[in-house]
Amino acid sequence: MKPVRILVDSTVDLPERCRAQVRAVPLTVHFGDEELIDGVTIDRRRFYERLIESDVLPTTSQATPAAFAKEFEAVRQAGESAVVITISAELSGTYQSACIAAADYEDIYVVDSRSAAIGSGILAELALEWAADGIAAAELAGLLTKKRDDICLLGLLDTLEYLRRGGRISRTAALAGGLLGIKPVVTLENGAVTMIGKARGSKQGNNLLVQKVRESGGIDFSLPILLGYTGLSDALLQKYVADSAALWRDHCGSLEQTLLCSVIGTHTGPGVVAVAFFKNGV
């Protein structure tokens, strides 16, 4: 059986300890005419500095088939197989790019995570665990395709304006959440962004996020869990961790956290608190 390499695109946010175990195919961030390669020519912290400083709202573009083909060729030359995990096809053409490139290679399996950021990240972390257990690439891709339906990704946003500008939600939905002090809670349903609640202020927002976690059916603590944030400070995330302590304290000693990548930050803006887990008892 060929060794299995796990590939992701650069929107897939993994814990720091896992990042060296995968190869990431980058998307691109544009500030006006300036083109920056996500995670290569701009790192996460510098991106958020630029986002706050700039009068120009950045845009993003998908990873190309050529970028995936470069990684796939390396897999073939190494005599390996690969499983590729991408951001939801509803949010980006990156999945399609990977599929186009994979058509020219054997033993390359592309999985649409139907999620994003840390939601895709926990699926990739699970892929690493299963690959280490010796599961072959084809079987692994099938298992991940089933398991992606159990992912719950929830985010408390400071504003819906960035999602509206990026075309990820409608103007009407953005206006509905745009009242003064309103903090929207969003999730991904069938791979697309959906607003599922709103609260006035961060404290009520944190409480609503906790409520939505409970309503999901609870957390499978035997599988990966990851928290994330956007911006230059994790203060809002730490406040959420404190406010939601009852969810975690009897089940895990600590919660892994990460700064979300620049592509995700482009579409959400700063001030996001996010949690991703696999639903319990599914």
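This is a predicted model: local features need pLDDT of at least 70, side-chain atom pairs count only at pLDDT 80 or more; totals for chains, interfaces and linings use all residues.

Reader: Thanks! Which residue caps the N-terminal end of α1?

Author: Look for a side-chain oxygen that lies 3.4 Å from the backbone nitrogen of arginine 45. The cut-off for a polar contact is 3.5 Å. The residue that supplies this oxygen, and caps the N-terminal end of α1, is aspartate 43.

Reader: How wide is the arc within which the buried residues of α1 fall, seen down its axis?

Author: Helix α1 covers residues 44-53, and its buried residues are Phe47, Tyr48, Arg50 and Leu51. Seen down the axis of α1, these buried residues line one face of the helix, because they fall within an arc of 160 degrees.

Reader: And which exposed residues sit on the face of α1 turned away from its buried side?

Author: The buried side of α1 is covered by elements that include β3 (28-31), β4 (34-37), α6 (161-165), β12 (257-259) and α11 (262-268). On the face turned away from that side, the exposed residues are Ile52 and Glu53.

Reader: Let us follow α11 then. Is glycine 265 buried or exposed?

Author: Glycine 265 belongs to helix α11. Beyond its neighbours within four places in sequence, glycine 265 is in contact with Phe47, Tyr48, Leu51 and Thr230. The cut-off for a buried residue is under 20% relative accessible area. Glycine 265 has a relative accessible area of 0%, so it is buried.

Reader: Which residues does threonine 266 contact, leaving aside its neighbours within four places in sequence?

Author: Threonine 266 also has its place in helix α11. With 2% relative accessibility, threonine 266 counts as buried. Leaving aside neighbours within four places in sequence, its contacts are Val29, Phe47, Pro58, Thr59, Thr60 and Tyr162.

Reader: Now for α5. How wide is the arc that holds its buried residues?

Author: In α5 (residues 137-147), the buried residues are Ala137, Leu140, Ala141, Leu144 and Lys147. Seen down the axis of α5, they line one face of the helix, because they all fall within an arc of 130 degrees.

Reader: What do the buried residues of α5 pack against?

Author: Let us start from the residues themselves: Leu140 and Leu144 are among the buried ones in α5. The partners of the buried residues are β1, β6 (81-86), β7, α4, β8 (151-156) and β13 (273-278).

Reader: Turning to serine 10, with which side chain does its own side chain make a polar contact?

Author: Serine 10 lies in the loop between β1 (4-9) and β2 (23-25), and is buried, with a relative accessible area of 11%. Its side chain reaches the backbone nitrogen of leucine 27 at 3.0 Å. The side-chain partner, in a polar contact of 2.6 Å, is aspartate 38.

Reader: What is phi of arginine 114?

Author: Arginine 114 is found in the loop between β7 (108-112) and α4 (117-132). At 27% relative accessibility, arginine 114 counts as partly exposed. Its phi is positive, in a residue other than glycine, and is near 60 degrees.

Reader: Is asparagine 190 buried or exposed?

Author: Asparagine 190 is in the loop between β9 (182-189) and β10. It has a positive phi of about 55 degrees although it is not a glycine. The cut-off for an exposed residue is over 50% relative accessible area. At 64% relative accessibility, asparagine 190 therefore counts as exposed.

Reader: What separates the C-alpha atoms of alanine 199 and valine 185?

Author: Alanine 199 sits in strand β10 (residues 192-200) and, at 7% relative accessibility, counts as buried. Along the chain, alanine 199 and valine 185 are 14 residues apart. Their C-alpha atoms are separated by 8.0 Å.

Reader: To finish, which elements give two or more residues to the lining of the largest cavity?

Author: The structure holds one cavity of 30 Å³ or more, and the largest cavity has a volume of about 90 Å³. Its lining includes Ser202, Asn206, Leu236 and Lys239. By class, the lining has four nonpolar, three polar and three charged residues. The elements that give two or more residues to this lining are α8 (201-215) and α9 (235-243).

Key: Residues are numbered from 1 along each chain as its sequence is written. Side-chain values use heavy atoms; hydrogens and water are left out. Buried means under 20% relative accessible area, exposed over 50%, partly exposed in between (1.4 Å probe, protein chains only). Helices (H or I, at least four residues) and strands (E, at least two) are DSSP runs, numbered from the N terminus. The arc is that of the directions from the helix axis to the C-beta atoms. Contact means heavy atoms within 4.5 Å. A polar contact is a pair of N or O atoms within 3.5 Å; within protein, one must be able to donate a hydrogen and the other to accept it, and residues adjacent in sequence count only if both atoms are side-chain atoms. On a 1 Å grid over the protein atoms alone, a cavity is a set of points where a 1.4 Å probe fits but cannot get out, and a pocket is an open set with protein on both sides within 12 Å along at least five of seven lines; lining residues have an atom within 4 Å of a point. Grid points are joined across faces, edges and corners, and a volume is the space filled by probe spheres set on the points. Ala, Val, Leu, Ile, Met, Phe, Trp, Tyr, Cys and Pro count as nonpolar, Asp, Glu, Lys and Arg as charged, and the others, Gly among them, as polar.
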